[in-house]
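Let us walk through this protein together, one feature at a time. Have the sequence and the 3D view ready, and follow along as we go.

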Number of protein chains: 2
Amino acid sequence: MRDTYVLGISMNRFGKYDDMTLGQLAYDPVWNAIEDSMVDPHDIGMVFVGNAYAGLITGQESVTGQVIMREAGISGIPIINVENACASGSTAFYLAHKAVASGQTDLALAVGAEKLFCGNTGTSLKALATSSDLSIEGRMGMLFAGIYAMRVRALMDRYAFTHEQLALTSVKNHDHGALNPYSQYQKRCTVEEVLESRMIAYPCTLLMVCPLGDGGAAALIGTKEMAERMGKRPVKVETSVLASFGFPGKDGPATYVKAAKQAYKEADVSPGDIQVVEMHDAVSPIELYLMEKLGLCGPGESGRMISDRETWFDGRLPINTSGGLTAKGHPAGATGISQVAEIVWQLRGECEGRQIKPVPDLGMVENGGGNVAGQTAVVAVHILRGE
Amino acid sequence: MRDTYVLGISMNRFGKYDDMTLGQLAYDPVWNAIEDSMVDPHDIGMVFVGNAYAGLITGQESVTGQVIMREAGISGIPIINVENACASGSTAFYLAHKAVASGQTDLALAVGAEKLFCGNTGTSLKALATSSDLSIEGRMGMLFAGIYAMRVRALMDRYAFTHEQLALTSVKNHDHGALNPYSQYQKRCTVEEVLESRMIAYPCTLLMVCPLGDGGAAALIGTKEMAERMGKRPVKVETSVLASFGFPGKDGPATYVKAAKQAYKEADVSPGDIQVVEMHDAVSPIELYLMEKLGLCGPGESGRMISDRETWFDGRLPINTSGGLTAKGHPAGATGISQVAEIVWQLRGECEGRQIKPVPDLGMVENGGGNVAGQTAVVAVHILRGE
């Protein structure tokens, strides 16, 4: 396997785009990623397109990626539609990385796009719920906010985390969103506002839960030679890991733990080396759970870290400097690639008002999706290094 | 890239399985493919699952493969859901082949499964129609039988093919289906019966059009060393090609032509070397069109070949000895892998009543899917060699 690099990456501002098709949402990200890469688009050898819900929301199923690429004017090469619930974009990124790493092509395009707004919130939520195993979790009537809230609730019991600590994760992510022009929400909020907003799934209130969103993102992955020609700081994909739910028994490791351990091993780094993380805050306080599962802190330490503001962009371990799913938004298929975008931009020092200083060298993405056998169905972890 | 082999392959009899879930449909094929391979299932490194319409028909979206593999009791490793309309199964096969060829894993599992029967034919047909670009072909109200019928109609004009010649393709495929225990339809029919059956899309009648179906199929792809340990004839994947619609201009090559030319080149064979073909007869007379597009005969020769019975299993160039989509059935996500199964079984001499004699050495699969920009969106071509 050879080294791969993120050459160019782009996303549009996540939001509500009633008048745009999925193809239109992906058009700018695709062409901006090509421009950012300074490659000839004719050299693209494979395309992987991540989308989770178009069939249920827009009606377009099973050739979604071909329709997106028809709109972008790129075809002839293999176009592969991939789905892995909220980790669909990360799965496209993973396959594009593997295709270049293994020499199948020198240049691969990963695209993620999703339209969740359709004029009927019930339809959108019902579509999202199909990312659980309908024969088990589905029959229990579980929605994802509920699944995540149960994990947060258990964390409160275990470590006596306070409601204020939970709320601080939302305050932080909205602070970051206010500094990110690509963020769906760019308005700060206070602990009081978070706690007083409507309860969605106890203990998670409205301002802690990621919104519905429309959006697109795209990344071009290529070789070291291509990265060195660009004139920008080369960003190497140290590793990209895709882990699945298992049958670990009640006390076995969660999918998150497996994915992170494998990623650290493959990248030959320790959790303490990571300087910036984008993680899957479908509800913002789940950060306190994920920090521990990903090995970024010891048991129960995450509460103190948020109280001490260590995970703000100017803290010791910045988390979700993009605003995270909570503020930046979560158009499922686009999310994974947008998370990689934030890390690439931080490693290149292009984040302006929310830029970590000094510019970091090593960043990580965690993107989760679906629920099967009582666990997160898919967890992707990518580790990226600025050279 | 190293050589890859189809180690084990399996499918269930396609048909109508009202009481079975998608996971249950895939269970036997997965475990029979493992048994056929004589491998330890713990050695499987990656799983690719092809399914096109579960979200629209069963409700289960975006973690379909994880639910299928939960049912099969296999997880922990990367599970990737792929969609490419009626070529979804072939896309899973293509990625599994590439994963082994490029050294990502030594053993990859490709699974295809689909439930098309849901008690409402309108729902099923509507789901199938979403494999066209809804913003263009969809607005014209095109269903796939119509798209294929237009191609057949143009062929009749160009070469003065007769209705009897069209009907013979259905007679042949039903003859083959009657000899295949995995075929949905196992009943022969006559030219008269084909022509007198209900008109679906002129000139295609009911007995020329593939039925709705439920089914599953699975293949294990591994290394030469594994294939040689099995004690069965090793079946090498000479190449697996995935081509997409292009913007070729009115007179440019169809996706089929591009895919076949690339496959012959990569496998270093000429069309005349191919001894058995499974092709995508969504309507049986499209064989007469595809034979020409795939370079298996000269312009207009396919009509004479069917009249001379050259494409029956005991003819000069056997086509769709499984019964094809017309008789064997077409549960979209499962079709591509089931086509590979027929070729593997022919190359191994395991086809009993429909076995080609002498046992052939080189076979080909063509599997098409979707319609975008006025062309077939995806065409997969695999060339397999018995060693």
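The peptide bond that joins B:Tyr202 to B:Pro203 is cis, with omega at about 5°. Please keep in mind that you are looking at a predicted model. Another cis peptide bond can be found in chain A, between A:Lys357 and A:Pro358, and there omega is about -5°. A:Pro358 belongs to the loop between helix 14 (332–348) and strand 10 (362–372) of chain A.

Stay with that loop of chain A for a moment, and look for A:Asp361. Its salt-bridge partner is A:Arg233, and the closest N and O atoms of the two are 2.5 Å apart. This pair ties together distant parts of the chain: A:Arg233 is in the loop between helix 9 (224–229) and strand 8 (235–244) of chain A, A:Asp361 is in the loop between helix 14 and strand 10, and 128 residues separate them. Over all chains, the salt bridges number 42.

Now zoom out to see how the two chains are arranged. Turning chain B by 180°, with 0.0 Å of shift along the rotation axis, superposes it on chain A with an RMSD of 0.0 Å. The two copies are therefore related as by a two-fold rotation axis. Both copies use the same surface, since 100% of the contact residues of chain B recur in chain A.

Which residue of chain B comes closest to the rotation axis? It is B:Val82, whose C-alpha lies 2.3 Å from the axis. Look across from B:Val82, which is in strand 3 of chain B, and you will find A:Val82 standing opposite. Strand 3 (residues 79–83) of chain A and strand 3 of chain B run antiparallel, and three bridges join them.

What about the contact as a whole? In chain B, 55 residues touch 55 residues of chain A. The size of an interface is often expressed as the accessible area that is lost when the parts come together. Between chain B and chain A, the buried area is about 4000 Å², and carbon and sulfur atoms contribute 57% of this. On the chain B side, the residues that lose the most area to chain A are B:Ser62, B:Arg70 and B:Glu83, which together make up 15% of what that side buries.

Two of these residues deserve a second look. B:Ser62 lies in the loop between helix 2 and helix 3 of chain B, and it has a positive phi of about 65° although it is not a glycine. B:Arg70, for its part, forms a salt bridge with A:Asp133, and their closest N and O atoms are 2.5 Å apart. Between chain B and chain A the count is two salt bridges, alongside 39 residue pairs in polar contact.

Several elements of chain B each supply at least two residues to the side that touches chain A, among them helix 3 (64–72), helix 4 (88–101) and strand 11 (375–386). Strand 3 of chain B gives the most to this side, with five residues. By residue type, the side of chain B that touches chain A divides into 27 nonpolar, 22 polar and six charged residues.

Notes: Residues are numbered from 1 along each chain as its sequence is written. Chains are lettered from A and ligands numbered from 1 in the order in which they are written. This is a predicted model: local features need pLDDT of at least 70, side-chain atom pairs count only at pLDDT 80 or more; totals for chains, interfaces and linings use all residues. Side-chain values use heavy atoms; hydrogens and water are left out. Copies are superposed by least squares on the C-alpha atoms of residues with pLDDT of at least 70 in both. Contact means heavy atoms within 4.5 Å. Buried area is the accessible area (1.4 Å probe) that two parts lose on being put together, summed over both. A salt bridge is a side-chain nitrogen of Lys or Arg within 4 Å of a carboxyl oxygen of Asp or Glu. A polar contact is a pair of N or O atoms within 3.5 Å; within protein, one must be able to donate a hydrogen and the other to accept it, and residues adjacent in sequence count only if both atoms are side-chain atoms. Helices (H or I, at least four residues) and strands (E, at least two) are DSSP runs, numbered from the N terminus. Ala, Val, Leu, Ile, Met, Phe, Trp, Tyr, Cys and Pro count as nonpolar, Asp, Glu, Lys and Arg as charged, and the others, Gly among them, as polar. Two strands pair if DSSP finds at least two bridges between them.
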